[in-house]
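Work through these exercises with the model open beside you. Each task is followed by its solution.

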Amino acid sequence: QPSNPQMEESSVLRRADCRAKGGSPGFKVAILGAAGGIGQPLAMLMKMNPLVSVLHLYDVVNSPGVTADLSHMDTGAVVRGFLGQPQLESALTGMDLVIIPAGVPRKPGMTRDDLFNINAGIVKTLCEGVAKSCPNAIVNLISNPVNSTVPIAAEVFKKAGTYDPKRLLGVTTLDVVRANTFVAEVLGLDPREVNVPVVGGHAGVTILPLLSQVKPPCSFTPEETDYLTNRIQNGGTEVVEAKAGAGSATLSMAYAAVKFADACLRGLRGDAGIVECAFVASQVTELPFFATKVRLGRTGAEEVFQLGPLNEYERAGLEKAKKELAGSIQKGIAFINK
Ligand code: NAD
Ligand code: LMR
């Protein structure tokens, strides 16, 4: 059955009214790149999120099919599909949160930076759309290389006069999710009980797990520290190689993206004490962007936390991370200002 736009609109209004009466806020969320390997499971998980009242699915291919499919789920969020550049404005207007997993993924032998030439332009176009149609939305940027795409987005927003550093967040949650899993394996714990801060950025040596700050408190041998640091830094490559040319992490990434998006929405709702790691504008180091723990609130990343005490191993890792990050950030900034 083709959907009836009038019926759909009145259904949205009825549901919004119901929510308002029940005192439950409903947020409007757009996913750009919603028909992709990350986009589809991410869209499904967001359709299941009770904080979402309206879910807009935008892609340059296949978004009508994904939308029709998900719209039959009997959960609260109303799903609408948008296809291609002419529909970007409608997809974005009125959104509270925009999640961007649009762009090409790696194949074996590639670095994330090898994606720059294609993904930089995609992120630029989409962020120009955000600046025009929903300048106050929180943006969760997933497209790689995150270390460069976040600076690209910031420059686009600056040029448009809409930049608010608190609202632009590079998603590094998958590094934390992996770190929790791998550390739990070594410690023989349930991963849900483990919390590992991962700082720096989202590529190779810029991914810096702070194993000295793991909760619950624990200690590792030098061999365990080396093993865990390398495995966390190369988690993405492990998946790219296992998929053998069919792309990179999609399911664990969709899980991580929803974990992070849900934290952003709880922050927007006004919940207290929401803390996640993210790659944001920062004064924690001399670099203009850096991933650390941030406190999420009604206006986005309201507080950026310091690194805390580092051991010698982590201090050496930090120097390597900063060196690579500086180049990736500069490359992103230069792309917009060339
Ligand atoms: P994919 O190729 O399966 O999906 C990408 C989707 O983006 C496709 O549906 C494509 O049509 C769409 N797209 C391309 N250009 C677009 C445009 N201009 N506007 C809207 N949509 C567009 O790739 P994937 O596996 O979903 O990965 C997407 C991106 O996420 C890659 O860059 C990948 O490296 C990155 N990624 C990041 C993390 C992270 O931790 N931040 C983790 C995994 C993957
Ligand atoms: C990941 O960490 O899985 C993503 O950044 C995708 C990749 O290319 O590794």
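**Exercise 1.** Among contacts in the protein between residues at least 6 apart in sequence, what percentage join residues at least 24 apart?

*Solution.* The model is predicted. Start from the contacts between residues at least 6 apart in sequence. Of these, 69% link residues at least 24 apart.

**Exercise 2.** Check the radius of gyration against that of a compact globule.

*Solution.* Take the chain length: 338 residues. A compact globule of that length would have a radius of gyration near 20 Å. The protein has 20 Å, so the two agree. Next, the extents: the C-alpha trace spans about 65 × 45 × 40 Å along its principal axes. Finally, the secondary structure: 11 helices and 11 strands.

**Exercise 3.** Describe the largest nonpolar core, then follow Leu 97.

*Solution.* First, burial: 48% of the 338 residues are buried. The largest nonpolar core holds 103 residues. Ile 31, Leu 97, Val 98, Ala 153 and Ala 257 have the most contacts inside it. Helix α10 (residues 251–269) contributes the most to this core, 11 residues. Now take Leu 97. Beyond its neighbours within four places in sequence, Leu 97 contacts Phe 27, Val 29, Ala 137, Ile 138, Asn 140, Ala 261, Cys 264 and Leu 265.

**Exercise 4.** Which residues come nearest to ligand 1, and how is its shell made up by class?

*Solution.* Ligand 1 has 33 residues around it. Gly 33, Gly 36, Gly 37, Ala 102 and Asn 144 come nearest. Sort the shell by class: 18 nonpolar, 13 polar and 2 charged residues. Then sort by element: helix α5 (residues 116–133) supplies the largest share, 4 residues.

Notes: Residues are numbered from 1 along each chain as its sequence is written. Chains are lettered from A and ligands numbered from 1 in the order in which they are written. This is a predicted model: local features need pLDDT of at least 70, side-chain atom pairs count only at pLDDT 80 or more; totals for chains, interfaces and linings use all residues. A residue is near a molecule or strand if its C-beta atom, placed from the backbone, lies within 6 Å of it. Helices (H or I, at least four residues) and strands (E, at least two) are DSSP runs, numbered from the N terminus. Ala, Val, Leu, Ile, Met, Phe, Trp, Tyr, Cys and Pro count as nonpolar, Asp, Glu, Lys and Arg as charged, and the others, Gly among them, as polar. A nonpolar core is a set of buried Ala, Val, Leu, Ile, Met, Phe, Trp, Tyr and Cys residues joined through C-beta atoms within 7 Å. A residue is buried if 20 or more other C-beta atoms lie within 10 Å of its own, exposed if 12 or fewer, and partly exposed in between; C-beta atoms are placed from the backbone. Two residues are in contact if their C-beta atoms, placed from the backbone, lie within 7 Å. The radius of gyration is taken over C-alpha atoms; the globule rule is 2.2 Å times the number of residues to the power 0.38.
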